[in-house]
Amino acid sequence: MRRLLGALLLAVATPLLAETPPLEELRLGSEHPVDGMAAGNLSGLAWCGDALWAVSDREDDRLYRLDTSADVWQAEAEHFLAPPAPVMPLPWGLRMRAWMAGLVRGGHLDFEGLSCDALGNRYLVSETHAAVLQIPPAADPLWLPLPEGMVRQARASGMLLHFNALFEGVAIDPAGERLWLAAEKQRRGLVVLHNRRSTWRCDGGCVILSEGGTEASPAQLGGAQAPRDFSGLAFHNEKLFTLERQAHRICRRQPASGDAERCWSFAEAALADERRYPLSYGVAEALWVDEKGAWVGVDNGGHARADGEQRPVVWRFDAPAGGWGSTR
């Protein structure tokens, strides 16, 4: 009887799964190689004031203002001096591996995300230290006094356990009152902190999402299973947007729970033959979303893609039909 019931359920479910429509593909509006980032490794994007800014995870002392007046963009460095990073409750082994990696490849702080509030403050997340550096427009940089309990809660939820798989994205609301961090993979997840009278705290818990498992890569990559991940984070119009490089998509999420509401694919453009990189390189690392579209930055690790382009690249995708708030 159980076998018969299982067969009936499978027969009903199979057509439903087969009829699941593919994600809407975002249209690539333009593509811009970036000159002037000596170390490459573009890892964060944010629109601050009147310009788009970028950061490299191989350079601890500069941001880049992007001159977007031509098809090929010029990166203009703005230097800063970060104070010593805070010591967060990460295991000694993780911290030592990060320190050694910094000696070999550069970028001891390993800045993996960039965001901006309405006052022009820039926020960088350091993957190696699980900390956030604030760079005001006219003052010295400072590390946000984030609660150590944030890291403990994230680790208790299965995140931040593996080398090079810590925080990969940061987003701040325009008022500078809510801060989100995205844990990369094994397990991926989201944490949120609230600024109460210049004190950052977890209201009702820091972790709003923690999930493991694998999912299929796009058909262009053969559909092989790979760990779910987050590689970028943005906040727009009271919604969170996650960049999911393994799946080649952008998802809109609830800022209080991290629940996905809708996703859009960019696989068709990113995996076109002329844009293919050697395996494991040329991954989407940076995200900024506005009303008209999304900027996606590609970290190529210094490797050339099929058409010979060896510089970091930023893609501009048009907003989906009906806008980012669309439910259809």
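1. Let's start inside the fold: Arg 245 and Glu 168 are both buried (buried is under 20% relative accessible area, exposed is over 50%, and partly exposed is in between, with a 1.4 Å probe and protein chains only). They form a salt bridge whose closest N and O atoms are 3.6 Å apart (a side-chain nitrogen of Lys or Arg within 4 Å of a carboxyl oxygen of Asp or Glu). The pair links distant parts of the chain, 77 residues apart: Arg 245 is in the loop between strand E18 (239-244) and strand E19 (249-253), and Glu 168 is in strand E10 (residues 167-172). Helices (H or I, at least four residues) and strands (E, at least two) are DSSP runs, numbered from the N terminus.

2. A word on the model before going on. It is a predicted one, where local features need pLDDT of at least 70 and side-chain atom pairs count only at pLDDT 80 or more, while totals for chains, interfaces and linings use all residues. Residues are numbered from 1 along each chain as its sequence is written, and side-chain values use heavy atoms, leaving out hydrogens and water.

3. How many salt bridges does a search of the whole structure find? The count is 31. One of them joins Arg 275 to Glu 31, with the closest N and O atoms 2.8 Å apart. This pair also links distant parts of the chain, 244 residues apart, with Arg 275 in the loop between helix H4 (267-270) and strand E21 (283-290) and Glu 31 in strand E1 (residues 28-35). Arg 275 is buried at 13% relative accessible area, whereas Glu 31 is partly exposed at 25%.

4. Have a look at Arg 58 and Asp 57 too, whose side chains meet in a salt bridge (3.0 Å, N to O). Asp 57 is buried, with a relative accessible area of 4%, and Arg 58 is partly exposed at 21%.

5. Now to helix H2 (residues 92-105). Its 14 residues reach 20 Å from first C-alpha to last, close to the 20 Å expected (1.5 Å times one less than the number of residues). Which residues of H2 are buried? They are Leu 94, Ala 98, Ala 101 and Gly 102. Seen down the axis of H2, these buried residues fall within an arc of 105°, so they line one face of the helix (the arc is that of the directions from the helix axis to the C-beta atoms). Helix H3 (148-156) is included in what covers them, and just after H2, Gly 106 takes a positive phi of about 90°.

6. The other side of H2 has Trp 92, Leu 103 and Val 104 exposed. Val 104 has a relative accessible area of 75%. Together with Trp 99, Met 100 and Leu 103, Val 104 makes a nonpolar surface patch of about 480 Å².

7. Some backbone details are worth checking by eye. Gln 186 and Arg 187 are joined by a cis peptide bond, with omega about 5°, and Arg 187 is in the loop between strand E11 (178-183) and strand E12 (188-196). Arg 197 is a residue other than glycine with a positive phi, near 55°, and is exposed at 84% relative accessibility. Asn 237, not a glycine either, has a positive phi of about 50°; Asn 237 is exposed at 58% and lies in the loop between strand E17 (232-236) and E18.

Notes
Contact means heavy atoms within 4.5 Å. Patches are made of residues with over 30% relative accessible area and no salt bridge: like charges are joined within 9 Å, nonpolar side chains (Val, Leu, Ile, Met, Phe, Trp, Tyr) within 5 Å. Accessible areas come from the Shrake-Rupley method with a 1.4 Å probe; for residues, only the protein chains shown count as cover.
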